[in-house]
Amino acid sequence: MNEYQIAARSVQHHILSRPELVKRYSWAIPDEESIRAIVGLRKPILEIGAGNGYWASLIATAGGSIECWDIEPGMHVDGGSEKLWYPVSKGGPEILGPQHRDHALMLVWPPFNTPMATDCLLQFMKAGGRSLIYVGESMGGCTGDDEFHRILGSHWEAIRHVNNPTWGGVRDRVCLYERMEDDRRQRPRGEDLP
Ligand SMILES: C[S@@+](CC[C@H](N)C(=O)[O-])C[C@H]1O[C@@H](n2cnc3c(N)ncnc32)[C@H](O)[C@@H]1O
């Protein structure tokens with residue numbers, strides 16, 4: 001159990017609230033299986049929109065190689081995080097280039113209804129990237145925009161899902177994707193995967 005999960009238990013005892021936990025840690029709740037699945041990809045990871053780097057710190061501790069960017073490092077909530085858990089550089093989708101084609105792109109709770117997740121995915125695809133780690137909700141949820149979910153549905157294939165712990169009323173999960181070959185781009189738009 002990681003620090004977030006221990007702290008999440010304190011919510012039951014009204015010691016901490018969800019906003020306090022999100023501010024200190026992350027919008028999504030990591031667990032051991034999620035981190036193991038991500039590290040198990042055995043690819044260097046580029047995380048964009050990394051907030052305060054909490055997921056990255058767990059991945060690095062578990063032996064993964066990860067670099068992080070955010071348009072405003074540590075400012076993933078109003079007022080900002082108390083600390084950065086891992087180095088997060090200032091930047092966004094524009095940092096992605098052909099030198100990253102063998103990396104995995106990681107997006108954890110990309111902002112709702114802005115083009116950020118779509119821009120990252122398109123830029124990564126343009127760079128030749130084929131591996132994606134997405135932690136968020138599916139089409140119609142509160143992470144990413146419709147275009148992002150459409151591209152995921154038509155050009156990417158889920159190879160693994162982990163049902164990480166979530167807050168009540170939220171249905172985010174950890175999904176590992178691989179880019180489909182061109183002749184397989186037939187998946188219906190935004191289809192939810194098993
Ligand atoms: C909902 S927060 C999630 C943060 C973190 N991944 C987490 O789970 O706590 C979305 C993050 O995306 C970042 N962001 C928004 N637009 C961005 C952009 N164009 N480039 C890079 N980061 C961006 C925000 O600063 C914020 O940290």
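**Strand β4 and its surroundings**

Tutor: Strand β4 and strand β5 (residues 131-136) run parallel and are joined by 5 bridges. Strands here are DSSP runs of E with at least two residues, helices are runs of H or I with at least four, and both are numbered from the N terminus. Two strands are taken to pair if DSSP finds at least two bridges between them. The model is predicted, with local features requiring pLDDT of at least 70 and side-chain atom pairs counting only at pLDDT 80 or more, while totals for chains, interfaces and linings use all residues. Residue numbers start from 1 along each chain as its sequence is written.

Within the pairing to β5, Met106 has Ile133 as its bridge partner. β4 also pairs with strand β1 (residues 45-48), in the parallel sense and over 3 bridges. There, Leu105 of β4 is the bridge partner of Leu46.

β4 itself spans residues 104-108 and is mostly covered, with 5 of its 5 residues buried. Buried means that 20 or more other C-beta atoms lie within 10 Å of the residue's own; 12 or fewer makes a residue exposed, anything in between partly exposed, and C-beta atoms are placed from the backbone. Ala104, Met106 and Val108 point one way from the strand, Leu105 and Leu107 point the other way, and all are buried.

The sheet that holds β4 is open and has 7 strands, in the order β3-β2-β1-β4-β5-β7-β6, with mixed pairing. β3 (88-90) and β6 (156-162) are the edge strands; each has a single partner, so one side of each has no neighbour in the sheet. From one strand to the next, the twist averages 25 degrees, where such angles run from 0 to 180 degrees between N-to-C directions of axes, lines fitted to C-alpha atoms, for helices over the stretch in contact.

Val135 has Val174 of β7 as its bridge partner.

Now the helices. Helix α5 (residues 116-126) has Met116, Ala117, Thr118, Cys120, Leu121 and Phe124 as its buried residues, and these pack against β1, β4 and α6. Contact between two residues means that their C-beta atoms, placed from the backbone, lie within 7 Å. The axes of α5 and α6 (residues 146-155) come within 7 Å and cross at roughly 35 degrees. The crossing of α5 past α6 is left-handed, meaning that the near helix is turned anticlockwise from the far one by less than a right angle. In this contact, Ala117, Thr118 and Leu121 of α5 meet Glu147, Phe148 and Ile151 of α6. The contact has 4 nonpolar, 1 polar and 1 charged residues; Ala, Val, Leu, Ile, Met, Phe, Trp, Tyr, Cys and Pro count as nonpolar, Asp, Glu, Lys and Arg as charged, and the others, Gly among them, as polar. Just after α5, Gly128 takes a positive phi of about 95 degrees.

Just after α4, Gly63 has a positive phi of about 105 degrees. As for α3 (residues 32-39), this helix lies across β5, β6 and β7 and runs at about 140 degrees to β6.

To sum up, β4 is buried in 5 of its 5 residues. Its parallel partners are β1, over 3 bridges, and β5, over 5 bridges.
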